[in-house]
Amino acid sequence: MVGIGPIPRRNCPEELIMREELKELYQYRELLYMFTYRDIKVRYKQSIMGLLWAVLMPALIVSAGVVVRYGYAFASGKPLNVGDVASVAVKSVPWAFLVSSIRFACNSLVTNQNLVTKVYFPKEIFPIGAVMASLFDMVVASGAVTVFLLVEQTGWSVELAWVPLLLAILVFQTLGIGMIVSAASLFFRDVKYIVEVLLTFGIFFTPVLYDVQMLGDKGKWLLLNPVAPVLEGFSSCIVRHQPPDLPWLAYSVAFGFTSLFAGFIFFKHLEPAFAESI
Amino acid sequence: MSDIAVRADHIYKKFRKGEIYNSLRDLIPTLTGRLFRQQELSRRDDRDFWALQDLCFEVKRGEAFGLIGENGAGKSTALKILSRIMRPSKGEMVVNGRLSALIEVTAGFHPDLTGRENIFLHGAILGMGRREVQSKLEQIIDFSGIEEFIDTPVKRYSTGMFARLGFSVAAHVDPEVLIVDEVLSVGDYLFQAKCVERMKEVIRKGSTVLFVSHNLKNISEFCDRCLMLEKGRTVAMGPAQEVVSAYLQRPRKYLTEEGATAEVAITKAKIRGEDGQSGRFKSGDTVWFDLEVTARVPCSKLTLSPWMTNEANDIVFETTTERLGYGSFSLEAGEVYSCTFEMRLNVTNGLYHLSALIYRHDTQTVYDEWTAVATIYVSSDDDVRGTAHCFPKVIHQEIRPASGPSFITTDADAAGQLTELPGTRGRL
């Protein structure tokens, strides 16, 4: 039995409040699990549709990548090699994860209006649950990519040890952004459309279909997009067997923590007004 | 641990009336517009609406506390503040102990999941762990009475089944402080009785219960103390029975207000009992319904009709002066007709609304109508259900062997059980 504890927040310092909030979130972990389970279950209820859902988006990204890479190869006169396709495949999965989790997180509060206005629990469970459910999709899609990489004989190296770290950074970034957009779209319903547009065109500013090196020196600017170093990191340690670009990765880590922290504070700051503003 | 389970300390809650900007597209033009039109800022204050003003109460551990009031009085706002869904604009709400709210029992259901999965989901929403739900699963399914369909997606459920499952989960939460907002009105009559039983059990176990309902019967049955809200202000607080009576006797706005201009208008309608009481009666009590009619223009063939409806708005009783054999009457302009109906309340316990109608009986022209002019609460010492109280008594019961071959079964056990029936059951 978790229930709701007393209401202690009065005149206590900011970090104490945050500790309380995190403690409460931990107490409600079962609910987070249930929401994640619910989302996955509902999505995979018709199992074929569910699997397609997880694999379709990365598959589309890979085919778009093949087109882009082919165009690039044609223009530069270099042959298109299989490694390029592998690189797109490896990056398509985390990108699909980012897009779907932000999209779901963005709508998570509005679609669960009933619960937001009727029952008390830490509401960040909704965006976090949305990210977790998308994470499950990513696991399914990663399975497909692994098969592809095995068939293609990309091989493996110690650099694979970077993968969990890269994944953690990506999840942190996504959680932070997810919490911000979910709270914002509760107050302003058109935030959803802005997010949609950003996600649609984001792929042009993120090295998913292409690699940063393909753009020469100016390509470095694209790494300012905090997702870019993470995606490049995936491709470099899985496909090219090289460690990621550390200074840029540090930048991503910093962004990941900042966004998670800022997102949480932003969300918790607005949370008391949710029920009456929705 | 203090003795107080819930304390509301001068709670105020403000809402903003009128337009709320819920899209950036609307907000941005308004903000820029506001730069040029300063007066809009000063006008903002009249749009404030106080849903609660200076709400103060304390609920002791183990007490059942009721909140009553008309729609919009602020009951639900108070509960939402209590359950931390909303934050008060001013003041403080203190809850000692784990709290659980049964506000809308099916809020957490997902239509695509099966009944069983929804039990776990809903349980988690209400604050139960998976293990706890697992241990109570049998009980919950049993209580809901829909074990047959428990592995069917709830989107195929009927509304009643849906609500029953929701309440069953909610009823098995064991918090220290329980908030109940209008959830007992689900399912059929039998299921409701089961819910009421369960609520009593929760109260007996020593949980503190805060109860909001329009069902005054439930309130006066469950609650020790009660608070009455009117437009966000506390108007009465005290023993539940007294506050419920006060609530029933409060001045009302009548549904039809054209009485002031009608040719013949009802100008007084009042119910009184033997001791002059006007809100609470016992089954079988005699009551007097005083009515007065004033004519503005001369009218003839007038008939006055009193009637009584129950909570479901079904008419339980209706008559007219004419049908009772007193004939019709005529009034000159400025004349007043007054009349008192003596009636016996042969009804079971519950809430009843009294209404009156003045009309011309040959043309059936209705001049004036006062609906639910008085609401009374009738209680009964006997556990009888239904509408009419027939004051039953068991004056004879016996058990004897069945006669005739068709009643005698060849199965010796069944025949044995038949004779073993306890006499008090009176099944024969």
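This is a predicted model: local features need pLDDT of at least 70, side-chain atom pairs count only at pLDDT 80 or more; totals for chains, interfaces and linings use all residues.
Local features are described where pLDDT is at least 70, side-chain atom pairs count only at pLDDT 80 or more, and totals for chains, interfaces and linings use all residues. Residues are numbered from 1 along each chain as its sequence is written, while chains are lettered from A and ligands numbered from 1 in the order in which they are written.

**View 1. Chain A as a whole.**
Chain A has eleven helices and zero strands. Helices (H or I, at least four residues) and strands (E, at least two) are DSSP runs, numbered from the N terminus. The order of elements from the N terminus is α-α-α-α-α-α-α-α-α-α-α. The C-alpha atoms occupy a box of roughly 65 × 45 × 40 Å along the principal axes. Of the 278 residues, 43% count as buried. A residue is buried if 20 or more other C-beta atoms lie within 10 Å of its own, exposed if 12 or fewer, and partly exposed in between, with C-beta atoms placed from the backbone. Among contacts in chain A with a separation of 6 or more, 77% link residues 24 or more positions apart. Here, contact means that the C-beta atoms of two residues, placed from the backbone, lie within 7 Å.

**View 2. The side of chain A that touches chain B.**
Contacts join 29 residues of chain A to 38 residues of chain B. Elements giving two or more residues to the chain A side are α2 (29-43), α5 (113-118) and α11 (274-277) of chain A. The largest share, six residues, comes from α2(A). By type, the chain A side divides into 17 nonpolar, four polar and eight charged residues. Ala, Val, Leu, Ile, Met, Phe, Trp, Tyr, Cys and Pro count as nonpolar, Asp, Glu, Lys and Arg as charged, and the others, Gly among them, as polar.

**View 3. The largest nonpolar core.**
This core has 170 residues, of which B:Leu210 and B:Phe211 touch the most other members. Helix α4 (residues 82-111) of chain A gives the most to the core, with 15 residues. A nonpolar core is a set of buried Ala, Val, Leu, Ile, Met, Phe, Trp, Tyr and Cys residues joined through C-beta atoms within 7 Å. Leaving out residues up to four places away in sequence, B:Phe211 touches B:Ala64, B:Phe65, B:Gly66, B:Val180, B:Ile219, B:Phe222 and B:Cys223.

**View 4. Helix α6 of chain B.**
Helix α6 (residues 159-171) of chain B has 13 residues. From first C-alpha to last, α6(B) reaches 18 Å, close to the 18 Å expected at 1.5 Å a residue. The expected span is 1.5 Å times one less than the number of residues. Ten of the 13 residues are buried, so α6(B) is largely enclosed by the rest of the structure. The buried residues include B:Phe162, B:Arg164, B:Phe167 and B:Val169.

**View 5. Two histidines with positive phi.**
A:His241 has a phi near 55 degrees, a positive value in a residue other than glycine. A:His241 sits in the loop between α9 (228-238) and α10 (246-270) of chain A. With 14 other C-beta atoms within 10 Å, A:His241 is partly exposed. B:His10 is not a glycine either, yet its phi is positive at about 45 degrees. B:His10 lies in strand β1 (residues 4-16) of chain B. B:His10 is exposed, with 12 other C-beta atoms within 10 Å.

**View 6. A:Leu165 and A:Val253.**
A:Leu165 belongs to helix α7 (residues 162-187) of chain A. A:Leu165 is partly exposed, with 15 other C-beta atoms within 10 Å. A:Leu165 and A:Val253 are 88 residues apart in sequence, but 9.3 Å apart in space, C-alpha to C-alpha.

**View 7. Confidence along both chains.**
The model scores ipTM 0.82 and pTM 0.75. The average pLDDT, the predictor's confidence in each residue from 0 to 100, is 87 for chain A, where 94% of the residues score at least 70. Over residues 1-10 of chain A the pLDDT is below 50, and this stretch has 31 contacts beyond near neighbours in sequence. Chain B averages 80, with 84% of the residues scoring at least 70. Among the elements of chain B, strand β16 (residues 336-344) has the highest mean pLDDT (91) and helix α11 (residues 412-420) the lowest (48).
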